[in-house]
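Me: I would like to learn how to read a few features of a protein model. Please give the general idea each time, then the case at hand.

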Amino acid sequence: MITKIIDDNSISVIAEDSDDLLNLRRIIKKDDRVIGDTTRVLKQDKDYSRPDKGERIKVRIALTVEKISLDDVLDRLRVGGTIYESSNESVPHGSHHSFILKINDGITISKKKWSPIEKKLLESNNNQIAFVLVAIDTSDCGIARLRGTHLEFMPNIYSGSGGKRYKTNFNIEKFFDQVQQAISSIVKKEDSIIIFGPGETKKRLANFIQKSQKFKIQIVEGIDSGGEDGIYTFTKSQAMQEIMSDSNLAKASSIIDEVMVLANKKSKKFTMGFDETFHANQMGAVESLVFSDKAIQDNDEQKIMDFLNDTENKGVKIYSVDASTDIGLRVSGLGGIVSLLRYAIES
């Protein structure tokens, strides 16, 4: 999340990923004030204009928040309320409007008083480690950027190689050049590039990239598929947990693995599902938890947001996951939320 403090009450923010949008959902409350750019359709008053025809214009609006909700689960945030100020006199004050916030959209949030948890949520994703994952073989290459627990895929790149059976004029450096251009379009200065796949192609690609650009590159052995399948295989591997031990995805993965071990031992030091986890949190027993978009879909959204803020206030480590990874699908299959407990409790 990119933030800029305006004064004691107002902070400007830009959401950089879906985790940031979720954090904004937890931060923005009823009666807060939100300022942002939007478009409105204004009726034309010109002679001979059609009465039903309007002109869509860009306008800056300030509204008092009445309702907040996640659209399409975690991809967009809807903030609705009453307009109290606008940059165009034709936009009536007191009318209703909704901002639809997406990744890279900016707004200013104004509160009478910011709570410690709200300020913490603004900063919680700022130091997240990001990785560009590259799964390559001679036929195709899969590329995805992992930030937090969300994977953003690029379309597969195909080399055009005819395979061993056919003689072709295949030029692997042209393929590598396409891959490098795709990587350059998403990689950021602080990112690490992790390259894997069958055979020696991964090493040849790493050498090719390092000739012209100096990135932090790591080569991983033991992942024997390229393309998108190779990316998914890597995110389920032990190599991922070892290399990305400090990443949120690896931490969430280790929590789920530990929950499964405890379940097999018939231990009571874990929970599955919202009701169990809510009960454990009321007792102060939750140590860490992982939740997916299923928890938000299957329960009252505001209740989930209040629950997450309450658990974080108690020092619980929270990780959100989504369907872009196998880990997100596993959590959804376990009721949308799992937690590790400080001590066993009776259900």
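Me: In what order do the 4 strands of the open sheet stand, and what is the pairing?

Reply: This is a predicted model. In general, the strands of a sheet pair through backbone hydrogen bonds, in either a parallel or an antiparallel way. Here the order is 14-17-15-16, the sheet is open, and the pairing is mixed.

Me: Which strands stand at the edges?

Reply: Strand 14 (270-272) and strand 16 (317-321) do; each has a single partner strand, so one side of each lacks a neighbour in the sheet. On average, neighbouring strands of this sheet are turned by 10 degrees against each other, with direction ignored.

Me: How many bridges join strand 15 to strand 16, and do the two run parallel or antiparallel?

Reply: Strand 15 (residues 286-292) is joined to strand 16 by 5 bridges, and the two run parallel.

Me: Which strands does helix 8 lie across?

Reply: Helix 8 (residues 274-282) lies across strand 14, strand 15 and strand 17 (337-341). Its direction is at about 140 degrees to strand 14.

Me: At what angle do the axes of helix 3 and helix 4 cross?

Reply: Two packed helices are described by the angle and the distance between their axes. The axes of helix 3 (residues 172-186) and helix 4 (residues 201-212) cross at roughly 65 degrees and come within 10 Å. Angles of 65 to 115 degrees count as roughly perpendicular, and helix 3 and helix 4 are therefore described that way. Their crossing is right-handed.

Me: Which residues make the contact?

Reply: From helix 3, they include Ile172, Phe176, Val179 and Ile183. From helix 4, Leu205, Phe208 and Ile209 are among them, as are Arg204 and Lys211. The residues of this contact divide into 7 nonpolar, 3 polar and 4 charged.

Me: What is the phi of Asn104, and where is this residue found?

Reply: Most residues other than glycine have a negative phi. Asn104 is not a glycine, yet has a positive phi of about 80 degrees. Asn104 sits in the loop between strand 6 (96-101) and strand 7 (106-110). Exposed means over 50% relative accessible area, so Asn104, at 58% relative accessibility, counts as exposed.

Me: Does Lys266 count as buried or exposed, and what is its phi?

Reply: Lys266 counts as exposed because its relative accessibility is 71%. Its phi is positive, about 60 degrees, although Lys266 is not a glycine. Lys266 has its place in the loop between helix 7 (248-264) and strand 14.

Notes
Residues numbered from 1 in each chain as written. Predicted model: local features only at pLDDT ≥ 70, side-chain atom pairs only at ≥ 80, totals over all residues. Heavy atoms only, no water. Pairing = 2+ DSSP bridges. Axes fitted to C-alpha atoms, helices over the stretch in contact; angles between N-to-C directions. Contact = heavy atoms within 4.5 Å. Parallel < 35°, antiparallel > 145°, perpendicular 65-115°, else oblique. Left-handed = near helix turned anticlockwise from the far one by under 90°. Nonpolar A, V, L, I, M, F, W, Y, C, P; charged D, E, K, R; others polar. Buried < 20%, exposed > 50% of the residue type's maximum accessible area, 1.4 Å probe, protein only.
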